[in-house]
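This report describes how one protein chain is held together. Please look at the sequence and the model below before reading on.

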Amino acid sequence: MFKKNTRNVLPSFNQKKKESRIKELTLFELFLIIMVVLMLIFAFVFFLITIMRNNETLHINEKDSSYDILFDNDDSSYVITNLIVHEDNIMEEKVEEKTMKKICYNIYGYQGCGFFNKAKCAGINLANSFNLIDVNINSTLRTVYKGDILPNLQEKFNVKYHHTSPFVYEGCREGEYAFIGGCNEFLELARIEYPGVSLNC
């Protein structure tokens, strides 16, 4: 009777099975390696993007420096703190003291006057919008304004023709004062000199 030799078949079958397992492990390891490499690449790209954004935010050249302006009310001087980033990315704080005249607007009027309230609102908005501007608002009773304050201002500025409220002039000290006018003149000046600033309350 013919007998089939299984001794050689069984080892070859086991060997193929082992080889297939090795191939499966190799493919799985290769997949893991690819995933790790991709994750590293994404992390590196994200890191580069973050650095670029930080550089754009922190880069300040000498022309586009940021300033903090602090005023001394006595002599109208101010201190500029200038933050400079040089080409070698070394940040330096440069402090300069300069003297510059502040812009002052003085608004006189009486309580309950609609035109005085409009001028007052415009002045407050200007002062809130610009550090260089100081606005002095002087409000009093109608009788006091008409009987005392207005006549003194008319004589001081030699403007006898101005009889209404408010009375607005520019200047921070004697020798700098200049008459502007009433509400309409002040609002017109503000629109021309400071376009874009809301003049209403």
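Which residues in α2 are buried? They are Phe-116, Ala-119, Cys-121, Ala-122, Gly-123, Asn-125 and Leu-126, where buried means under 20% relative accessible area, exposed means over 50%, and partly exposed lies in between (1.4 Å probe, protein chains only). This is a predicted model, in which local features need pLDDT of at least 70 and side-chain atom pairs count only at pLDDT 80 or more, while totals for chains, interfaces and linings use all residues. Residues are numbered from 1 along each chain as its sequence is written, and side-chain values use heavy atoms, with hydrogens and water left out.

Helices (H or I, at least four residues) and strands (E, at least two) are DSSP runs, numbered from the N terminus. Helix α2 covers residues 114-129, which makes 16 residues. From its first C-alpha to its last, α2 reaches 23 Å, close to the 22 Å expected at 1.5 Å a residue; the expected span is 1.5 Å times one less than the number of residues. An α-helix has 3.6 residues a turn, so residues three or four places apart point the same way. The cover over the buried residues of α2 includes β4 (103-110), β5 (133-140) and α4 (183-193); contact here means heavy atoms within 4.5 Å.

A nonpolar core is a set of buried Ala, Val, Leu, Ile, Met, Phe, Trp, Tyr and Cys residues joined through side-chain atoms within 4.5 Å. The largest such core has 27 residues, of which Tyr-105, Ile-107, Leu-126, Phe-167, Phe-186 and Tyr-194 touch the most other members. At least two residues of this core come from each of β4, α2, β5, α3, β6 and α4. Leaving aside residues up to four places away in sequence, Phe-186 touches Tyr-105, Ile-107, Ala-119, Ala-122, Gly-123, Leu-126, Val-168 and Ile-180.

## Aromatic rings

A pair of aromatic rings is described by the distance of the centres and the angle of the planes. Rings of Phe, Tyr and Trp (its six-membered ring) pair if their centres lie within 6.5 Å; planes under 30 degrees apart count as stacked, over 60 as edge-to-face and the rest as tilted. By this rule the count comes to 12 aromatic pairs. One of these joins Tyr-161 and Phe-179, with 6.4 Å from centre to centre and 80 degrees between the planes, and is edge-to-face. Tyr-161 lies in the loop between α3 (142-157) and β6 (167-170), and Phe-179 in strand β7 (residues 178-181), so the pair ties together parts that are 18 residues apart in sequence. Tyr-161 is exposed, at a relative accessible area of 60%, whereas Phe-179 is partly exposed at 23%.

Phe-179 also pairs with Phe-167: the ring centres are 4.9 Å apart and the planes stand at 45 degrees, so this pair is tilted. Phe-167 belongs to strand β6 and Phe-179 to strand β7, so parts 12 residues apart in sequence are tied together. Phe-167 is buried, with a relative accessible area of 0%.

## Cysteines and disulfides

A disulfide is a covalent bond between the sulfur atoms of two cysteines. The criterion is a pair of cysteine sulfur atoms within 2.5 Å. A search of the whole structure finds 2 disulfides.

| Disulfide | S to S distance |
|---|---|
| Cys-104 to Cys-172 | 1.9 Å |
| Cys-121 to Cys-201 | 1.6 Å |

The torsion about the S-S bond of Cys-104 and Cys-172 is about 95 degrees, so this disulfide is right-handed. Cys-104 lies in strand β4 and Cys-172 in the loop between β6 and β7, so the pair ties together parts that are 68 residues apart in sequence. Cys-104 is buried at 6% relative accessibility, and Cys-172 is partly exposed at 24%.

The link of Cys-121 and Cys-201, with -110 degrees about the S-S bond, is left-handed. The pair links distant parts of the chain, with Cys-121 in helix α2 and Cys-201 in the segment after α4, 80 residues apart. Cys-121 is buried at 15% relative accessibility, while Cys-201 is exposed at 76%.

With bonded cysteines counted along the chain, the disulfides follow the pattern 1-3, 2-4. Cys-113 is in no disulfide, and the nearest cysteine sulfur, that of Cys-183, is 8.1 Å away. Cys-113 is buried at 5% relative accessibility. Cys-183 is likewise in no disulfide and is buried, with a relative accessible area of 5%.
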